[in-house]
Amino acid sequence: MSTVGKIARRTFLIGSAAVAGGVAFGIHVVKRPIDNPLLADLAEGEAAITPYVKIDANGITLITPRADKGQGSYSVQANLIAEELDIDPATATITPGMPGPAYFNGAVLEEGVPFPAYDQSAVAEAMREFMAVPAKLFQMQMTGGSSTVPDGYVKLRMAGAVARETLKEAAAKRAGVARGDLKTQDGHVILPNGDKLAYTDLAAEASQLAPIQDVALRDPSEWRLLGKAATRRVDIPEKTTGAIKYGIDHAVEGMVHAAVRANPGIGGDVVSYDASAAEGMRGVQKVMPVAHGVAVIADNTWRAFKAVEAIEIEWGPGPYPASSPEIFETLAAAVNNEEAFDHRQRNEGDVDTSLANGEVFEATYKLPYLAHAPMEPMNVIALVEGGKVTIWTGTQIPLFIRNRAALIAGVEAENVDVHVLPMGGSFGHKLEMTHCEQAVEIAAAMQGTPVKLTWSREEDMTHDYPRPAAVAVGRGKVADGKVDTFDLSVGQSALAPSWFGRLMGMGIPGPDATITTGSWDQPFGIPNYRVTGYRAPEMVPVSSWRSVGASGNGFLHNAFLDELIHSAGADPLEERLRLCIDDTSRKVMEAVGEMSGWNGTDIGENRGRGVAFTLSFGVPCAQVIDVTNTDQGIKIDKVFVAADVGRVLDPTNIDAQLFGGVIFGLSHAMNCELTYENYAPLQNNYHQYEGMRLYQTPEFEVKVLENGPKIRGVGEPGLPPAAPALAGAIFAATGTRLREMPFNKFVDFV
Amino acid sequence: MKLTVNGTEYEVDVEPDMPLLWVLRDELGLTGTKYGCGVAQCGACTVHVDGTAVRSCQLAAADISGEITTIEGLGSAEALHAVQEAWIEHQVAQCGYCQSGQIMAAASFLEFNTEPTDEDIDRAMSANLCRCGTYPRIRAAVKSAAAKLNGA
Ligand code: FES
Ligand code: FES
């Protein structure tokens with residue numbers, strides 16, 4: 001029996017329940033103590049089971065509660081179940097199911113603990129487990145933080161295994177043979193005489209049995225689907241034929257189309273508006289105020305867009321400094337200002353004494369606000385009717401939406417259904433719900449009529465809740481050709497309180513670790529090593545953006561370290577290896593060195609090579625980037641990526657997630673920023689926020705290692721090292737140090 | 001006005017300046033064609049008019065004279081177009097939202113350029129944005145589709 005199996009059974013039981021014409025297997029809430037807050041808002045009996053597998057005469061349904069925003073998580077969740085259940089996941093129906101508290105995501109908060117991910121000590125581990133409790137309290141049926149795989153790795157395989165053994169038990173009873181003599185294959189139980197019984201045919205009998213709990217999870221050496229390069233993503237065919245229905249494609253009988261314009265200074269008011277031109281336009285049914293804005297309801301998306309544009313609106317001021325220069329002044333004023341001190345989770349040696357004498361190297365870095373801008377803009381369908389609310393939308397936070405919709409419509413949360421639909425990208429954008437609030441507000445005014453709200457690209461980018469901007473100051477010293485003192489101070493508005501404030505109506509108290517995540521928790525040992533977070537006041541409301549704190553800190557930490565290494569006269573890869581105190585991380589850096597044939601940053605005339613390393617979401621990731629300085633500007637030639645995920649479940653997809661993360665990182669490092677004037681971002685469509693295009697895309701070589709002690713998700717860790725590796729390569733090729741993003745302010749790109 | 005989409009003739013009653021994109025999506029319920037930017041920047045709305053790739057967000061309904069093909073008419077799950085086959089073989093899609101447009105762009109491009117160089121592919125496919133960063137696989141898939149179409 002695998003140890004994973006033992007651990008799993010200590011932690012939870014997989015239960016079963018009879019459902020119409022069949023059986024469901026999943027997390028079984030055995031008892032319901034009155035004081036368990038997780039279960040307090042569940043109706044009597046409702047808590048019995050939250051299914052992952054449902055089988056009836058019509059077929060097999062796999063319920064994959066973590067949302068898929070493009071990273072292949074439906075597929076990996078389905079494969080985790082199917083691996084043990086012995087079915088071909090392509091033959092099953094795969095659905096995210098309805099939100100329910102038992103789908104809480106323990107792993108999403110795990111890395112929010114004050115221990116770096118490489119710290120596997122007992123205290124750190126206990127803390128991580130403890131963090132699963134607040135996750136329950138916060139009702140986090142949430143997808144984020146690359147947590148899908150760690151969270152489902154055991155639970156979903158257990159659900160598949162228990163279902164399989166229980167179906168075998170049903171077959172054993174029917175055929176009068178021992179369960180141990182039965183096999184399973186492709187959705188069937190195989191009897192000793194070779195006869196096959198379909199799972200669908202056994203489901204009703206299985207529902208009458210106590211689920212078989214004593215199951216061992218298969219050893220990875222026996223896997224058919226997991227870890228196999230040939231395993232295909234189940235969602236790709238329908239994404240290739242155009243058949244998939246994203247939220248924006250969903251239709252409900254009798255629906256109308258809404259468009260909104262809210263104050264581009266997020267949170268600002270509407271002073272007045274004149275909708276006379278809009279009201280007479282074809283298809284327009286209604287114009288109404290919504291929170292901070294105005295909505296048009298029409299019979300077609302385009303007509304609604306056109307009409308809402310035709311409304312003349314006078315906006316009140318936004319609740320934050322009006323322009324980028326003021327915002328950056330505020331950020332800079334927070335850095336190294338005792339009154340703005342937020343946290344210091346790394347403080348080794350004696351930085352103050354070291355910096356008090358000798359030659360101190362100092363550099364200042366600036367990071368802009370960045371929009372998520374997934375290709376599918378925000379959209380939702382809401383129906384308010386007879387004291388009930390129904391919502392259809394692509395989201396990472398269905399339970400928060402349920403609760404907020406209940407509040408707005410004045411109904412109990414149990415009278416709100418949220419149907420989660422496929423998402424055309426997110427990058428953290430779909431951890432927000434302003435569009436849902438607007439839609440429920442409109443639908444409440446149009447009782448009985450389903451209202452589909454679609455944000456125009458301009459509305460979407462203007463109300464993106466961007467990644468925080470930051471100013472950081474590094475001060476350091478080198479001695480004997482080595483990095484001796486590293487002191488990084490990061491000034492930023494706090495992300496967690498801003499975001500939780502919107503989600504839960506209240507901020508969360510305490511320090512905001514995301515200000516320095518990706519800097520304070522790196523696996524290096526430097527004699528004098530300090531990382532401090534300073535909290536600037538909340539300005540533009542901010543949120544999680546792919547790889548969260550590490551998205552900016554990956555650059556800050558690597559860029560400053562690079563400068564120190566350079567002034568020490570050392571090699572950027574060699575010195576990182578020398579400073580590294582974590583084995584898994586070291587092997588990742590060694591791997592990228594080997595792949596690239598590392599031999600310094602000089603790779604020929606007009607060319608340059610950079611390296612960077614970030615440990616984020618528990619995944620150490622190292623990258624080497626080669627560039628050429630051409631007559632037209634910098635050309636990115638090649639990117640080598642090495643990362644360690646503990647165990648590879650879907651190699652073909654992991655590869656894509658890693659290079660996708662790198663491309664996302666490079667796109668924004670090269671070209672993107674939101675700058676503010678008169679409270680609003682000046683960039684509101686892709687021509688002003690230009691990601692990487694195919695002709696700029698470098699060649700990739702990706703290597704995934706499996707030395708890490710835990711299984712990890714990989715949707716985010718590819719991003720953080722990309723920008724600093726590029727900056728390092730550009731320095732090697734041109735001698736220009738880049739301390740501010742986007743880099744196209746200082747160099748041209750081909 | 002009359003429109004022929006995927007071989008079927010439709011009678012639609014819309015303003016002459018309604019972009020084809022919204023006629024397809026909201027009037028005809030053909031949602032495979034996507035809205036991404038509305039301003040000719042992303043290519044998510046790419047369809048064919050008489051075989052040529054166009055951005056349906058920029059094409060007024062009244063200005064269309066040819067036959068329209070959308071992703072729904074390019075191939076089906078049972079009879080995939082060579083480009084779609086290559087897209088599945090290379091596991092291109094991530095979120096997939098841009099892929100209808102990418103595939104329509106590639107299919108039209110390969111009609112006109114049967115033996116594209118790497119540079120041709122880079123240039124032709126750079127008008128379509130992919131925020132997920134599937135570009136390396138798009139490149140590879142276009143190459144295999146070209147080979148397939150040439151009977152290789
Ligand atoms: S929607 Fe037409 S190009 Fe973006
Ligand atoms: S696959 Fe997501 S935008 Fe291209």
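Contact is taken to mean heavy atoms within 4.5 Å, and in these terms 60 residues of chain A are in contact with 55 residues of chain B. The model is predicted, so that local features need pLDDT of at least 70 and side-chain atom pairs count only at pLDDT 80 or more, while totals for chains, interfaces and linings use all residues. Residues are numbered from 1 along each chain as its sequence is written, chains are lettered from A in the order in which they are written, and side-chain values use heavy atoms, with hydrogens and water left out.

The area buried between chain A and chain B, that is, the accessible area (1.4 Å probe) that two parts lose on being put together, summed over both, is about 4700 Å², with 56% given by carbon and sulfur atoms. On the side of chain A, the residues losing the most area to chain B are A:Trp302, A:Met375 and A:Leu694, which together make up 18% of what that side buries. Eight salt bridges (a side-chain nitrogen of Lys or Arg within 4 Å of a carboxyl oxygen of Asp or Glu) are counted between chain A and chain B, and one of them joins the side chains of B:Arg137 and A:Asp655 at 3.7 Å, N to O.

Within chain B, an automatic or database domain assignment gives domain 1 (2-74) and domain 2 (82-149). Their contact takes 18 residues from domain 1 of chain B and 13 residues from domain 2 of chain B. Between them, these two domains of chain B bury about 1200 Å², 60% of it on carbon and sulfur atoms, and zero salt bridges are found across their interface.
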